[in-house]
Amino acid sequence: MFSPSLLLLLLLLAERAIIKEPRAAEQMETVEKKQTQTAIMDSELSEQIKAATKDSHVRAENTELMLSYQRGRVSLQQYQLLLCSLYKIYEALEEALDTNASHDAVAPIYFPQELARLESIGKDLAYFYGQSWREKLTVPAATLRYAQRLREVGRDHPEYLVAHAYTRYLGDLSGGQVLGRITQKSLGLKSGEGLSFFSFPGVSSPNLFKQLYRSRMNSVELTEEQRSGVLQEAVTAFELNIQVFNELQESLSGPSDTDNEMRQRHTQCKHNSSTTTTTTTTDDEACEGLQSSSSLMPRFLRTLLGVFVVLAVGMAYAF
């Protein structure tokens, strides 16, 4: 038999082992986290950004607006308002890049001829809204916050533009072709007009260009503090995009029947323009009114206007 003193000693040892076990697990977890962080910091900048934004990337892809794209359910309203927001975002981004084109961190990734989007977006907006499209731009508060952040970065931390340019340009270049086809099919834009945003005529091979871009970005020399700031800014860029997507979707409350009716009326107007002069004028005015109102009026008023125009155009055909 064991003596009382030996039993007591065994109990004390067992108790210490039980207490130490969770501490050991916590220590192992801490070590693993440090190893992961070290691996990220030791890799190239493009890989670091990819690792740092992994969770944010998944969240962005699963916003309602992006899911609508993936399902091929893009409404005219969604696309028009998205273009309005993209214009404001790229206006601020490209202004900051142009201003800091000679900065040591910006110069290697400055490709205005190949990547600039502002002019292309302007062409798309002119197609949908007419030549006075600048007066009809409407954007949510999240878009203004995004643009403001880009201007702050351009003024105070130009090296952070590396994160914003990478997030926007390479994202658009990677998914542009697929999203362009989805948009064209969903909205029935057979001529390709209104889709300039998705086109990169200065990039003959997207894959090769992306390799070049990553190589240039990885060559940027940053201090440890600057690198950490760039990684955090990349996460911020994704969060700002998510906020824009969510607020755009909230302002729309999803596709409406009026969108489909408007697209059908727009197509019908073009078809009838070759057979009738008097009716064409009435129909074109109706289409233009509906198209502009899709992003500038509350949903209820848009619906009433849609009903009114349909009735008016129907009467024009009858007489």
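How do the residues of the lining of the largest pocket divide into nonpolar, polar and charged?

Author: They divide into 15 nonpolar, 10 polar and 8 charged. Here Ala, Val, Leu, Ile, Met, Phe, Trp, Tyr, Cys and Pro count as nonpolar, Asp, Glu, Lys and Arg as charged, and the others, Gly among them, as polar. This is a predicted model: local features need pLDDT of at least 70, side-chain atom pairs count only at pLDDT 80 or more, and totals for chains, interfaces and linings use all residues. Residues are numbered from 1 along each chain as its sequence is written, and side-chain values use heavy atoms, without hydrogens and water.

Now the pocket itself. A pocket is an open set of points on a 1 Å grid over the protein atoms alone, where a 1.4 Å probe fits, with protein on both sides within 12 Å along at least five of seven lines. Lining residues have an atom within 4 Å of a point. The volume of the largest pocket is about 940 Å³, taken as the space filled by probe spheres set on the points, which are joined across faces, edges and corners. Its lining has 33 residues. His57, Thr167, Gly171, Asp172 and Phe238 lie nearest the centre.

Which elements take part? Those giving two or more residues to the lining include helix H2 (45–52), helix H10 (206–218) and helix H11 (224–252). Helices are DSSP runs (H or I, at least four residues), numbered from the N terminus. H9 gives the most to the lining, with 11 residues.
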